[in-house]
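Dear colleague,

Please find below the structure that I am handing over to you. My notes on it follow directly after.

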Amino acid sequence: MDARHVKTMADLKTLIEERQLRQIKVGLVDIDGVMCGKYMSRDKFLSSLEGGFGFCDVVFGWDVGDKLYDNTLLTGWGRGYGDAQIRLIPESCRELPLEDNMIFVQGEVIGRLEGLCPRGVLRRVVERARAMGFEPMAGFEYEFLVTDESNAALQDKLYQNPKPLGSGAFGYSVLRNSVNTDFYRGLLDLCEQMNMPVEGFHEETGPGALEAALTVDKAMTAADNAVCFKTFSKVLAEKQGRMICYMAKWNEEHSGQGGHIHISLKNRDGHSAFHQAGRDHNISDTMRHFIGGIQKLMPQFMSLAAPTINSFRRLVPGYWAPTSALWGVDNRTVAIRAIPGSSKSQRVEYRLPGADTNPYLALASGLAAGLYGIENKIEPEEPVTANGYLLQAPPHLQLHRTLWDAAQALRASAAARDWFGDDFVDHFAATREWEEREFQRHVTDWELKRYFEII
């Protein structure tokens, strides 16, 4: 049996029996979108399929550097860092071609900490969409840097002056992707074998800059594919003596790295809820209200799509990243790009998220905001037909300039609490406040160069 055919517990047990697997790799995505996990013995895994298993809740109680938060309530020293309860998801089973004959299965938090689980947050938004009569569809696009040197080499020089896989700005270059076929073909083959299909893969503009568009799928599957793509593309690169960087902006001289999400809705009959022939650009009332919801709530939900200090380095004028909550038809200078087409291709591109986002939370933020717009029949502002970077957006559409301000907006948002739950909002906002506080403790290279001698 191939892992992609696993849909049930019985299927998964059959696969394990057929292959006589002794261990299975399991994974859980933390609040930052980092894949945590371990190997489990065959017997432990089979037992956990029925009853779940415990995973230390510290994975929700520390930052990306494993430094413990001091401002969270549901996990911490006061709670004793007990176990979070995890249920395994049979249909998430994938081949691990980089580990001969091994399989990978994702889990999701249940019980006391269920409200903090990023996958659970998206699942609940999708369930509300279905209750409204819609099936959400999504496709992720990632821009990322590939270096032609190892992680160890980069660590030794503190990630300064990385050697990119290719030099100069050479977007869409056939020369580059033909020369570096070991990486290109290696990643494409990996994605095919792991059932996270890639629709398009090309050179972006900038040294070592690449872009991969993952194939559209149902929202949960699309996000599962995205988080696995980010994780295992890095694994492949490091096995090749290279490295992939998904920072929102790794160098001030180059454009940032987006993690754009294409979103559409299907009605219960399987037809597009966004496409209405005869309307301007075929935009249905549902699609228009969806756009209105994203536009209205983008400042409130921003920290889910810009979750790191570095996220805000990307969001500057003229570098292919939005600076306000404007929208337009097929306009890449705004945050919400309405893409007209056939009933199959009509969609919204949510351009605020960077490559550094947690896929579950970035998609949940765009989808929940759009559904809020449908529920409340929110009308968007007039579409932008010019260069959105040159326009001064009204105050209510301006985006926050710091992670701290974005976290405060999330805390104060009644819509966020309705769609994501109080536990998640309070915990996530606290973790972003922590991230800002940690940054403020450090002296940057810019400060040293600017002030050390002259001030």
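**Findings**

Histidine 281 counts as partly exposed, at 44% relative accessibility; here buried means under 20% relative accessible area, exposed means over 50%, and partly exposed lies in between, with a 1.4 Å probe and protein chains only. This histidine 281 is found in the loop between β12 (261-267) and α8 (285-305). Helices (H or I, at least four residues) and strands (E, at least two) are DSSP runs, numbered from the N terminus. The phi of histidine 281 is near 60 degrees, a positive value in a residue other than glycine.

Please note that this is a predicted model, in which local features need pLDDT of at least 70 and side-chain atom pairs count only at pLDDT 80 or more, while totals for chains, interfaces and linings use all residues. Residues are numbered from 1 along each chain as its sequence is written, and side-chain values use heavy atoms, with hydrogens and water left out.

Leucine 158 also has a positive phi, near 55 degrees, and is a residue other than glycine. Most residues other than glycine have a negative phi. Leucine 158 lies in the loop between α4 (151-156) and α5 (174-179), and is exposed, with a relative accessible area of 64%.

The domain assignment of the protein chain gives domain 1 (3-113) and domain 2 (126-446); such bounds come from an automatic or database domain assignment. The contact between them takes 24 residues from domain 1 and 31 residues from domain 2, where contact means heavy atoms within 4.5 Å. Taken over C-alpha atoms, the centres of domain 1 and domain 2 are separated by 25 Å.

The largest nonpolar core has 131 residues, and Leu12, Phe45, Phe144, Phe229 and Phe420 are those with the most contacts inside it. At least three residues of this core come from each of domain 1 (3-113) and domain 2 (126-446). A nonpolar core is a set of buried Ala, Val, Leu, Ile, Met, Phe, Trp, Tyr and Cys residues joined through side-chain atoms within 4.5 Å. Leaving aside neighbours within four places in sequence, the contacts of phenylalanine 420 include Val121, Phe301, Leu304 and Val425.

Which residues of α7 and α10 meet? Ala219, Ala223, Asp224, Ala226, Val227 and Lys230 in α7 meet Pro359, Tyr360 and Leu363 in α10. The residues of this contact divide into seven nonpolar, no polar and two charged; Ala, Val, Leu, Ile, Met, Phe, Trp, Tyr, Cys and Pro count as nonpolar, Asp, Glu, Lys and Arg as charged, and the others, Gly among them, as polar. The axes of helix α7 (residues 219-239) and helix α10 (residues 359-375) come within 9 Å and cross at roughly 145 degrees. Axes are lines fitted to C-alpha atoms, for helices over the stretch in contact, and angles run from 0 to 180 degrees between N-to-C directions.

Is alanine 3 buried or exposed? Alanine 3 is buried, with a relative accessible area of 1%, and is found in the segment before α1 (9-19). Not counting residues up to four places away in sequence, alanine 3 touches Leu15, Arg19, Cys93, Arg94 and Glu95. Alanine 3 and isoleucine 103 are 100 residues apart in sequence and 7.4 Å apart in space, C-alpha to C-alpha.

Glutamate 91, in the loop between β4 (83-88) and β5 (94-96), counts as partly exposed at 47% relative accessibility.

With kind regards
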